[in-house]
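Let's take a walk through this structure together, starting with the overall layout and ending with a group of charged side chains.

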Amino acid sequence: MSESMTGPEDGSPTGTDGSEPFGTEAYDPAAPAPLYVPLTPTGDAEVDALLHRLGDADHLATDGHIEVYEDVHRGLRDTLTALDARPGPPAPPAPNTHSDSNRS
């Protein structure tokens, strides 16, 4: 007698326990799937770590992505805000628009 049986509906082979044969797992469109988006380092360790965190979404179901995206967005926003708070070089003086030759 054979080790495998035929499927009840289409005659396809199944395992002895009725399971799907190897390599014919059902496709689940909602299953996590990595996007493999290439990341180019920015040179800023904090920003690079935040961008790397986006890869965590590859291992989550779609409903878990929002938490990762919001976390990264918050971190990037905080980084940009910190740049605004740093003192930079003094601004150049405004050009003098008044002419001194009209004084009496």
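The paragraphs below go from the whole chain to individual residues.

A word on the ground rules before we set off. This is a predicted model, in which local features need pLDDT of at least 70 and side-chain atom pairs count only at pLDDT 80 or more, while totals for chains, interfaces and linings use all residues. Residues are numbered from 1 along each chain as its sequence is written, and side-chain values use heavy atoms, with hydrogens and water left out.

Let's begin with the secondary structure.

Next, consider how the chain packs. The protein has 104 residues, and 12% of them count as buried; buried stands for under 20% relative accessible area, exposed for over 50%, and partly exposed for what lies in between (1.4 Å probe, protein chains only). The accessible surface of the protein comes to about 9200 Å², and carbon and sulfur atoms hold 58% of that area. These areas come from the Shrake-Rupley method with a 1.4 Å probe, and for residues only the protein chains shown count as cover. Among contacts with a separation of 6 or more, 28% join residues 24 or more positions apart, a contact being heavy atoms within 4.5 Å.

Now for the charged side chains. Side chains of opposite charge can pair when their charged atoms come close. The structure holds three salt bridges, each defined by a side-chain nitrogen of Lys or Arg within 4 Å of a carboxyl oxygen of Asp or Glu.

R53 forms a salt bridge with D56, with 2.8 Å between the closest N and O atoms; D56 is itself partly exposed, at 35%. R53 also meets the side chain of D71 in a salt bridge of 2.6 Å, N to O. Since R53 lies in helix 1 (residues 45–53) and D71 in helix 2 (residues 65–85), this pair ties together parts that are 18 residues apart in sequence. D71 has a relative accessible area of 27%, so it counts as partly exposed.

From D71, move along helix 2 to R74, three residues away, about one turn of the helix. R74 and D71 form a salt bridge whose closest N and O atoms are 4.0 Å apart. Through shared partners, the salt bridges join R53, D56, D71 and R74 into one network.

Note on methods:
Helices (H or I, at least four residues) and strands (E, at least two) are DSSP runs, numbered from the N terminus.
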